[in-house]
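Please keep the sequence and the structure in view while reading.

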Amino acid sequence: MTVASLVRLLADGQWHAGPALAAHLGVSRAAVSARVADLRAMGLDIYSVAGRGYRLRMPIELLDATRIRRGLSGACAAALDELVVAERLDSTNAELARRPGGVTRACLAEYQSAGRGRAQRAWASPFAANLYLSVAREMHAAPAALGALSLAVGARVAEALEALGATDIALKWPNDLWAGERKLGGILIEHRGEVGGGARLIVGLGLNVAMEPAQASAIDQPWTRLADHCEVLPERNRLAAAMLEAVLTAMIEFEADGFAVFRERWATYDRVRDRPVRVIEARGERQGVARGIADDGALRVEIDGQMVAVYSGDVSLRVAS
């Protein structure tokens with residue numbers, strides 16, 4: 001019995017008696033109890049009452065590869081060789097890195113035990129509360145140009161979220177999605193192989209969708225979720241298809257046309273432009289005023305009257321108070 005098979009029975013948000021669940025799944029009541037404990041450990045809120053059984057705090061829709069594929073455009077579906085939907089993984093980026101290259105492959109997971117963002121920061125990944133998506137594809141591009149790929153993906157994802165009805169969507173250089181003044185999601189790009197000679201790029205997207213504060217206690221910065229910025233939250237599989245379409249399309253367009261076609265689109269969502277910022281690097285911290293992005297995706301920062309180009313790498317950017 002997988003935890004997903006139990007969740008499918010509980011997904012309607014109604015009460016289900018332990019003996020009935022055990023009979024349906026062909027396992028013991030103790031096995032049901034153990035899987036419930038597993039799900040709680042993964043952040044899923046399950047109520048239990050003696051004599052009534054178990055129910056989820058609210059109904060949920062599990063990810064479904066067939067429905068996600070059905071939501072893709074013809075061009076995107078044709079470009080995608082394989083779609084993996086997993087119950088739980090360490091991280092979707094790590095899963096794609098372990099698999100052989102040579103194909104375009106996407107991976108989504110209901111739960112990540114070791115989700116991560118830039119600089120190996122932990123990424124909160126409770127079960128079925130958010131969206132954890134990665135896409136791997138062979139790409140041919142100059143090494144320097146690939147530094148702007150996260151901006152291209154960000155622009156595409158922001159446009160897709162607005163098309164789904166999300167409001168106040170913004171971007172913070174180089175890889176953060178914002179809604180209002182809070183972090184909504186992030187983009188993580190990793191590569192395998194020789195860049196410039198045909199590298200395999202893995203683009204990861206983490207998007208806060210319906211996560212509750214209790215599930216995000218480890219997050220140490222202001223955050224928000226899509227549910228608070230949509231009048232009607234899209235169905236999970238529709239949202240997954242839209243985000244997969246956005247990421248894969250950005251990779252294809254970026255390889256064909258470079259960053260030029262994305263620069264102005266990214267700038268329309270630039271929430272940091274003309275605001276005081278702190279640029280935090282290994283060698284120290286500098287303060288200045290953000291002045292938008294350059295043709296190559298570098299952040300232009302005015303520091304002591306001089307315009308300085310800042311490249312992503314291991315740099316962190318903070319809006320100065």
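In which sense do strand S1 and strand S2 pair, and over how many bridges? Strand S1 (residues 46-49) and strand S2 (residues 53-56) pair in the antiparallel sense, over four bridges. Here helices (H or I, at least four residues) and strands (E, at least two) are DSSP runs numbered from the N terminus, and two strands count as paired if DSSP finds at least two bridges between them. Tyrosine 47 has arginine 55 of S2 as its bridge partner, and in the hairpin that the two strands form, with three residues between them, glycine 51 takes a positive phi near 90°.

The model is predicted, so that local features need pLDDT of at least 70 and side-chain atom pairs count only at pLDDT 80 or more, while totals for chains, interfaces and linings use all residues. Residues are numbered from 1 along each chain as its sequence is written, and side-chain values use heavy atoms, with hydrogens and water left out.

**The two open sheets**

An open sheet of seven strands with mixed pairing runs in the order S3-S4-S5-S9-S8-S7-S6. Its edge strands, each of which pairs on one side only, are strand S3 (82-86) and S6. Neighbouring strands of this sheet are turned by 20° against each other on average, direction ignored; axes are lines fitted to C-alpha atoms, for helices over the stretch in contact, and angles run from 0 to 180 degrees between N-to-C directions. Within this order, strand S4 (residues 105-109) and strand S5 (residues 131-139) run antiparallel and are joined by five bridges, and arginine 105 has alanine 136 of S5 as its bridge partner.

An open sheet of five strands, with antiparallel pairing, has the order S13-S12-S11-S10-S14. Strand S13 (306-310) and strand S14 (316-319) are its edge strands, each pairing on one side only, and neighbouring strands of this sheet are turned by 45° against each other on average, direction ignored. Strand S10 (residues 276-281) pairs with strand S11 (residues 284-293) in the antiparallel sense over six bridges, and glutamate 281 has glycine 284 of S11 as its bridge partner.

| Helix pair | Axes come within | Crossing angle |
|---|---|---|
| H1 (residues 3-10) and H2 (residues 18-25) | 11 Å | roughly 125° |
| H7 and H9 (residues 260-267) | 9 Å | roughly 55° |

The axes of H1 and H2 cross at roughly 125°, and that makes H1 oblique to H2. Angles under 35 degrees count as roughly parallel, over 145 as roughly antiparallel, 65 to 115 as roughly perpendicular, and the rest as oblique. H7 and H9 are therefore oblique to each other as well. H1 passes H2 in a right-handed crossing, whereas the crossing of H7 and H9 is left-handed; a crossing is left-handed if the near helix is turned anticlockwise from the far one by less than a right angle, and right-handed if clockwise.

Proline 174 is found in the loop between S6 and strand S7 (176-179), and a cis peptide bond, with omega of about 0°, joins tryptophan 173 to proline 174.

The structure holds one cavity of 30 Å³ or more, a cavity being a set of points, on a 1 Å grid over the protein atoms alone, where a 1.4 Å probe fits but cannot get out. About 30 Å³ of space lies in the largest cavity, its volume being the space filled by probe spheres set on the points, which are joined across faces, edges and corners. The lining, made of residues with an atom within 4 Å of a point, includes Trp173, Pro174, Ile187 and Trp266. Helix H7 (149-163) and strand S6 (169-172) are the elements that give two or more residues to this lining, and H7 provides the largest share, three residues.

Conventions:
On a 1 Å grid over the protein atoms alone, a cavity is a set of points where a 1.4 Å probe fits but cannot get out, and a pocket is an open set with protein on both sides within 12 Å along at least five of seven lines; lining residues have an atom within 4 Å of a point.
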